[in-house]
Amino acid sequence: MVPDISTGGRTYGLLAYLYGPGRRDEHTDPHLVAAWMPELAPDPGRDPDATLKQLTDRLDLPVLALGKNRRPARHVWHCPVRTAPGDRHLTDTEWAEVARRIVHATGIAEEGDDQACRWIAVRHADDHIHLVATLVREDGRRPRRHQDGMRAQAECRKIEAEFGLQILNPGDRTAAQRPTSAERSKADRRGYAATPREALREAVRQALAGAADEGEFFRCLAEAGLRIEKRFAPSGDTLGYKVALPGDRNRDGEPIWFSGSKLAPDLSLPRVRQRLAAGPVVDGPGSDELAQSRRRHGRPAGARRAAVPLAERAADALGQDDDLDAAAQLVGVGELLDALGQTAPPSTRKELNEAARAFERATRSHIRAERADNRAIRSAARGILRAGDALGRGEDGGATAMLLSTLVLVTIAAAHWHSARGHAQQAAAARQASLHLRSAYRSSAASCLDTMREQGRSLPEPTRGRLAGVVASALPKQAAQVLGGRGWYALAATLDQAERAGCEPTALLESVVEQRELDTADNVTDVLVWRLRRAAGLPASVASPRRHPRTEQSERQPRQTKPVAPAVSATADPLRRSPRR
């Protein structure tokens, strides 16, 4: 059950919408289910002699009694309350109880207070009601509605439990402010996919991803096409900023501005500076490592491969006891997802941007990473942005799949970390992000894995048999699952290719198995394939085989192999920007 409180200044206009047909004729049988005094509240939906004007006058009477100079400018309190999808339909009597409990909890009309605000509850659909109140009490005073949104949410959690409805995740006041009903209605009328508030939040978040300093952050905002206005102190220092979408104006033709803090708590200028103050961000996770990876695999592919150990480092941090470091890594993972979404090919861009939007909620909680260092993973995000757009095939596609395979595990670890600390909304957001990442992974990996499987099938039978023994030795508990699955051929091809590159397959496989647990992996074989290819320095994609060069005779020849060093854990969109330079 979701309450959504807003205020306005036109009682009649709101009532006309609630009793009207709706924007798509979705309103059916609009009528009152409750009111401050039912005998005094005319119901235009059920009484043919009642009018909207009469109902407006009754609600506004305490406001009009104050006189023009004392009336509040925004005197209308509006709170839609909606049940969750899948919940049963409540009766009018049940909705009336819900209405009375919420106006009591929020301070609009406490039970037994005969001087409280006037209010009504209108129902025009099966799954929700609209509470409307005027914010002047009968005695001329204003209601005490401090933190009415939180109090409404808390009461809804109680109602859900008592009525047998889905119990939604409680909030902790770290979520970004949701668009108001007026903002959503405006976006619907203009055919926008998102409200200006949501579009600006995403644009500012993307501008911050991988930014080296405050100047670059503001440059990226300008490059995204946003209007920017800074607030300065007398000394000339910047105190704050606000942004607006071009063409988004109010009735007076003025831009509709949103400050960073109105978009999200961590997008205020002080919080932005706090993130940037951790230290300078370089062009990737270790300039030497990134340069070497780019030379071997290409710019986008190299930047993605170089980000994999940093994502693994984030997953490791989420399993440790250092909450500050874990919180810092979550922020870095959010920037990494933003960078991937901005540079993804069309085939995965939508899912990756959805993953970034969902995970944004998982980056904020009351555990603040004020002194922790996440420069390395932020540098990985910067490296991906600077490398430019990736292709959806070949080495770029394979490297993207390699990184996404790791990020799925990171989001699962984030969900567990938040759940253990009672962060219900953040845990749900991390789980939602993992679903989008899984979808993007399947799209990115399909072609590469198909080719690897084809290559694996072309191996001589003795080679596959010997490699199956390697798997059985390194993975005794999961060997049957791995060898019996469709991905076995891709794993066999990878082990064979690593062996021909000079690696000892048993030691290599054991080293990647020890990197991190495999219990949370959706597909153990896929995870092993990408770990092996990265550890052995193999390309993320392979060419389709025509005829495998190895024969049974070559099977009998001794091989010179080199030991494997253990893996080291490293410490769509109209607003999409071009790569950073």
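Predicted model: local features only at pLDDT ≥ 70, side-chain atom pairs only at ≥ 80, totals over all residues.
1. Overall composition. The protein chain contains 22 helices and 9 strands. Of its 581 residues, 54% are buried.

2. The largest cavity. Its volume is about 130 Å³, and 13 residues line it. Nearest the centre of this cavity lie Arg205, Arg275, Asp338, Glu360 and Thr363. The lining comprises 8 charged, 3 nonpolar and 2 polar residues. Helices α6 (196-208), α12 (323-343) and α13 (346-360) each contribute at least two lining residues; the largest share, 4 residues, is that of α12.

3. Salt bridges around Asp248. The model has 39 salt bridges under the criterion applied. In one of them, the side chains of Lys186 and Asp248 meet at 2.6 Å, N to O. This pair links distant parts of the chain, 62 residues apart: Lys186 belongs to helix α5 (residues 181-190), and Asp248 to the loop between β8 (238-244) and β9 (258-259). Both Lys186 and Asp248 are buried. Asp248 also forms a salt bridge with Arg190, at 4.0 Å, N to O. Arg190 is likewise in helix α5, 58 residues from Asp248. Asp248 counts as buried because its relative accessible area, 4%, is under 20%, whereas Arg190, at 41%, is partly exposed.

4. Arg275 pairs with Asp266 in a salt bridge, their closest N and O atoms being 3.5 Å apart. Arg275 is buried at 15% relative accessibility, and Asp266 is buried at 9%. Salt bridges with shared partners join Asp266, Arg275, Glu335, Glu360, Arg364 and Arg378 into one network.

Key:
Residues numbered from 1 in each chain as written. Heavy atoms only, no water. Buried < 20%, exposed > 50% of the residue type's maximum accessible area, 1.4 Å probe, protein only. 1 Å grid on protein atoms, 1.4 Å probe; cavity = no way out; pocket = protein on both sides within 12 Å on 5 of 7 lines; lining within 4 Å. Points joined across faces, edges and corners; volume = space filled by probe spheres on them. Nonpolar A, V, L, I, M, F, W, Y, C, P; charged D, E, K, R; others polar.
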